[in-house]
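Me: Please take me through this structure by question and answer.

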Amino acid sequence: MLLYRRKSRSITPRRRKSRSPSPRRRRSPSSPIPRRYKRQRSRSSSLSSTRKSASPSFESTERNNANEKLRKDEEEKKRLDAELKLVEEETARRVEEAIRKKVEESLSSEKIKLEIQRRLEEGRKKLLDEVAIQLEKEKEAALIEARQKEEQARKEKEELERMLEENRRRVEEAQRREALEQQRREEQRYRELEQIQRQKEEVMRRKKQEEEEERAKQIKLLGKNKSRPKVSFAINSK
């Protein structure tokens, strides 16, 4: 699409140079003034007064012309922007359409179909290889995790057995100490009973000995009494 930019013509009226009458030296009243000069001066005076009265209207016209020029320039700019946007949209649409047609033509060819099929096969094979590698990694990770769990379970079992063994040893040690203490108390009690028994036996022995000694004394006394002669006492009467 070809666009032709129109040149905007500025409507600016030329300003005409006003010929103002050159100042002249005024003659003295006594000097005579020629008639022709009088007519020229009267004409210049009337023209100057006319232009002075038309000056405000001229400035207003220039201002209106400048505003009109700016308005037209703005409209021209908007129109050009709109046309440029339409050109860009049309160009993008045509490029997209050309690309789409090119792709369709390429896809419709046998060579492209074979190339697409080959790439699909390669992609499928690559995907399967990646999946196999990933599965192998996951399998290896699962085996490592299983071995770690097994090792952890073994350590926990050994720790539990060690704790149980330690507890059993402590219980046996406590039982042994308790048994020894019980045996010591029983032996102490037995020794105390033996001592009490010996003391009783000693008391009984001494008592029996004293009884035997007392009996022996009595027997001895009785034996002395039997061997002593009888003394008769006669009572003389007076």
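Predicted model: local features only at pLDDT ≥ 70, side-chain atom pairs only at ≥ 80, totals over all residues.

Reply: Residues are numbered from 1 along each chain as its sequence is written, and side-chain values use heavy atoms, with hydrogens and water left out.

Me: How many helices and strands are there in the protein?
Reply: Helices (H or I, at least four residues) and strands (E, at least two) are DSSP runs, numbered from the N terminus. Helix 1 covers residues 35–108, and helix 2 covers residues 110–227. The count is two helices and zero strands.

Me: What percentage of the residues in the protein is buried?
Reply: Buried means under 20% relative accessible area, exposed over 50%, and partly exposed in between (1.4 Å probe, protein chains only). The protein has 238 residues, and the buried share of them is 1%.

Me: What share of the accessible surface belongs to carbon and sulfur atoms?
Reply: Accessible areas come from the Shrake-Rupley method with a 1.4 Å probe; for residues, only the protein chains shown count as cover. The protein's accessible surface comes to about 24,100 Å². Carbon and sulfur atoms hold 53%.

Me: How many salt bridges does the structure hold?
Reply: Side chains of opposite charge can pair when their charged atoms come close. A salt bridge here is a side-chain nitrogen of Lys or Arg within 4 Å of a carboxyl oxygen of Asp or Glu. The total is 31.

Me: What is the N to O distance in the salt bridge of E68 and R71?
Reply: Both residues lie in helix 1, three residues apart, about one turn of the helix. E68 is partly exposed at 31% relative accessible area, and R71 is also partly exposed, at 39%. Their side chains meet at 2.1 Å, N to O.

Me: Which residues are linked with E115 and R119 in a network of salt bridges?
Reply: E115 and R119 are about one helical turn from each other because they sit four residues apart in helix 2. Their closest N and O atoms are 3.1 Å apart. E115 is partly exposed at 27%, whereas R119 is exposed at 55%. The network also takes in R118 and E122.

Me: Which residues gather in a patch of negative charge on the surface?
Reply: Patches are made of residues with over 30% relative accessible area and no salt bridge, like charges being joined within 9 Å and nonpolar side chains (Val, Leu, Ile, Met, Phe, Trp, Tyr) within 5 Å. Lys and Arg count as positive and Asp and Glu as negative, while His and the chain ends are not counted; the place of a charge is NZ of Lys, CZ of Arg, CG of Asp or CD of Glu. One member, E214, is partly exposed at 42%. The patch is E210, E211, E212, E213 and E214.

Me: What accessible area do V95, I99 and V103 have together?
Reply: These residues form a nonpolar surface patch. I99 has its place in helix 1. Together they have about 250 Å².

Me: Which residue's backbone oxygen does the side chain of T91 reach?
Reply: T91 is in helix 1 and is partly exposed at 43% relative accessibility. The side chain of T91 comes to 2.7 Å from the backbone oxygen of V87.

Notes: Polar contact = N/O pair within 3.5 Å; in protein donor to acceptor, adjacent residues only side chain to side chain.
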